2 protein chains.
Amino acid sequence: MEFKISRDFIAQIEQLISENREKELQDLLHDLHYADIAEIMGDLDDSEAIYIFHILDSEKTAEILLELDEEVREKILRELSPKEIAEELDELSTDDAADIIAELPQERKEEVISELVDVEHAKDIVDLLRYDEDSAGGLMGKELVKVNENWNVLTCVKEMREQAANVQRVHSIYVVDDENRLKGRLSLKDLLTTSTKTPISEVYIPKVDFVKVDTPDVEVARIMQKYDLEAIPVVDELGRLVGRITIDDIVDVIKEEADKDYQLAAGISQDVEADDSIIELTRARLPWLVLALLGGFISVRLLNTFSGAMDNHKELFFFTPLIAAMAGNVGVQSSAIIVQGLANNTISGSLWRRLVKEILLSLLNGSLLALILIAGSHIVLGVSYELGLTVSVSLVSVIIIASLIGTFIPIFLNKVGIDPALATGPFITTSNDICGILIYFTIAKIILGF
Amino acid sequence: MEFKISRDFIAQIEQLISENREKELQDLLHDLHYADIAEIMGDLDDSEAIYIFHILDSEKTAEILLELDEEVREKILRELSPKEIAEELDELSTDDAADIIAELPQERKEEVISELVDVEHAKDIVDLLRYDEDSAGGLMGKELVKVNENWNVLTCVKEMREQAANVQRVHSIYVVDDENRLKGRLSLKDLLTTSTKTPISEVYIPKVDFVKVDTPDVEVARIMQKYDLEAIPVVDELGRLVGRITIDDIVDVIKEEADKDYQLAAGISQDVEADDSIIELTRARLPWLVLALLGGFISVRLLNTFSGAMDNHKELFFFTPLIAAMAGNVGVQSSAIIVQGLANNTISGSLWRRLVKEILLSLLNGSLLALILIAGSHIVLGVSYELGLTVSVSLVSVIIIASLIGTFIPIFLNKVGIDPALATGPFITTSNDICGILIYFTIAKIILGF
């Protein structure tokens, strides 16, 4: 069951801190999970969070450090000496320790590394720091259980007992040759159910999924999801086993990727949260608003060139927001479907077939909407038959063009290696606003002849 | 490494099917992962997919069935007799088998269940069918390894060898009392490193996270992510251990939830893919477009009531799409940040503080944008000073109101128990379009006095 952190609980903790009642605080926090303590620290002031951090057992603080929001962690790390940081890192697995070191300023990095006690652990961490954080190398940990293909089950079990002491969770037992090249795997089940004298070469499964150190993290996530893997070994250029990635790291990648696409679709250009500062939020939001404003300038210019229509057909201008909104909405729908399809690798068939399909789909949607529009504008709004026709024909045309733009811009970006999620949200609504208005007035000019 | 399915490969398979060269097809597919074969079958015609399914080994077909797109699976299941389906299900884990049975028509369900050979397996599957698919009970599987608190390590290992034979992946060993009530857990590491004579009661960890059968799936996902769990036990109302949920099922929940929010933000009201039929796509997209169209009617009416301004201030109308677009974009940004915050449980502080923050943020963003607008409209568009002022004041006001609407509608929906993601995308852009135009012309009327 989850522990619910109430405002009263936070208030109680703040009270105890202000009265410096260390013992009572320790008792209160003793049974809490480190994730809950990290969450509580995020709700406290900086000095209070640091106070809490200092009174906790060292075994808990390392895990808490890992769970904290990056900003809170940065503040706490600034309060600690390199030796104290190194002590925390000695408690963590290699990938988690490397992630925290990567966040430190350059000179502190080296000081902290030199203070690490366990030499093997330190070597592994330094090794991990080499890799790009968005690659398999940046995700992997060094903790794994591996056995030599030339051993038998008994030797394996003995060796594994030792190795397992350093590994938090045993996912799979990897089999390597004398050169440390990955040959296959043994399942835990095999270990539990095979006689101890059997040679490993007879029981191991030679087919094993793996990724290379430079495989991008989203690709690793896709492979692990597709093949339902809980852990995947990572090999270097020579096929040597250098680490493993577990599904919990992949959960974070999937979550981040989904959040990023969602934010791009909403016109937010970096990872922000509701509780971030106004400056950070502005930095994430303003660029897209400026883009929309510049698009707005273009639409003002466009309408200006059609201002001649105002004398005889002023109602035309009442419909511009409607046309622009429909163009924007249709474009966002189309681009979202394509961006998701590209991300999930579920798009098949040729571009021609997709073109035909989008046009048919838009014709169907557009015609139904045009019917509502004709009825509505005639009965409710009381506009002329001619204007109703103009707006309806425009609506269908605009919907077709908007859906084509929404579909093919992401496909094009993806082809040339740019994240297609960039072409969702404000980008699509703005370009479709402009196209929509242009199409609308061009058609109006043809039908009404101004 | 992942197997890449090329068009040539699909063409080769189609060729072999048309020439009925079964043996060569079997050889070609023999080394492929079932996820790859399922993907290939999705690219083939129905009859070709069914052909492939029939020539494969029965051990592979069960897993393939699971990986297939729902539509393809439905077609294949229709071709199979209840006995054949039961044979496939006997190969699957209880949760996967229950998911497939749940998709069958009612009378076939019973026929298939009556054909299941393994009685224990059948009982477990039937038990799982009782639970809501969006709850912990609907996610869990019955396969787990459990030991009695009164045993010693030796008895455990013996019992576990037997139990493990039915369990694909051993995540944790659960400890129960004589009444099957969950008492704690044993880690695999403990098993590998503890002497065989130790009584279980001495080594097990009494603190164990668990969920109840009726916990919603998104809540299970949140708990497992927060506490970094690879598996979580599920208990019934009396605390008895009834199943376990593994992280790979949670990955699907997270992915689905993120996809759903993304689609709602883009104005798509049910789970569709780019390759779905035109009818399905229309059903998902049209409702939001109708909503936007109705909103458009309101904006037409609004502009109509301000048509008196056209005689002296026709340029005002050129700026309506710009104002509407800015209102829409700001609203979507605000709502997206709040919806994500609500989903990730990272929103703290009172509503008042949030209100003040949103107003400050909008004032900052709005003022910067207004500066660009004044400069741009003066230099590039050459509008009058008065009009520039009108549009700028409106822009700042519209941005403030739009961000408040975008922030507080999702918060309100969440409070009353409606999915706040509904209030993103078209809903927010449409309501903000209308508010934006109303505010704009009201301010214009005050400043320009028409």
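Predicted model: local features only at pLDDT ≥ 70, side-chain atom pairs only at ≥ 80, totals over all residues.
UniProt positions are given here in the numbering used for this structure, feature names are shortened, and annotations may be inferred rather than shown by experiment. With that in mind, the unreviewed UniProt entry lists residues 286–304, 316–339, 359–381, 393–413 and 425–448 of chain A under "transmembrane region". Residues 316–339 of chain A are 96% helix and 0% strand, with end C-alpha atoms 34 Å apart, while residues 359–381 of chain A are 91% helix and 0% strand, with end C-alpha atoms 29 Å apart.

The next step is to see how the two chains are arranged. Chain B is superposed on chain A by a rotation of 180° with 0.0 Å of shift along the axis, at an RMSD of 0.2 Å, and that is the relation of a two-fold axis. Both copies use the same surface, for 100% of the contact residues of chain B recur in chain A. The contact draws 100 residues from chain B and 100 residues from chain A. On the side of chain B that touches chain A, the largest share, 18 residues, is supplied by helix 17 (residues 278–305) of chain B, and by class that side holds 58 nonpolar, 23 polar and 19 charged residues.

One residue of chain A shows a part of this contact in detail. T282(A) lies in helix 17 (residues 278–305) of chain A, and, with its neighbours within four places in sequence left aside, T282(A) is in contact with L361(B), L364(B) and N365(B). Because T282(A) has 18 C-beta neighbours inside 10 Å, it counts as partly exposed. T282(A) and H313(A) are 31 residues apart in sequence, and their C-alpha atoms are 41 Å apart in space.

Leaving out residues up to four places away in sequence, V398(A) touches I323(A), M326(A), A327(A), G436(A), I439(A) and Y440(A).

Some local features of the backbone complete the tour. Helix 1 (residues 7–18) of chain A has 12 residues, which at 1.5 Å a residue should span 16 Å, and this agrees with the 16 Å between its end C-alpha atoms. Just after helix 1 of chain A, N20(A) takes a positive phi of about 60°, in the loop between helix 1 and helix 2 (22–30) of chain A. N20(A) counts as exposed because it has 9 C-beta neighbours inside 10 Å. In chain B, helix 1 is likewise followed by N20(B), whose phi is positive, near 60°. A further positive phi, near 70°, belongs to N180(B), a residue other than glycine, which lies in the loop between strand 2 (173–176) and strand 3 (182–186) of chain B. With 15 other C-beta atoms within 10 Å, N180(B) is partly exposed.

Note on methods:
Residues numbered from 1 in each chain as written. Chains lettered and ligands numbered in written order. Least-squares fit on C-alpha atoms with pLDDT ≥ 70 in both. Contact = placed C-beta atoms within 7 Å. Helix = DSSP H or I, 4+ residues; strand = E, 2+ residues; numbered from the N terminus. Nonpolar A, V, L, I, M, F, W, Y, C, P; charged D, E, K, R; others polar. Expected span 1.5 Å × (residues − 1). Buried ≥ 20, exposed ≤ 12 C-beta atoms within 10 Å, placed from the backbone.
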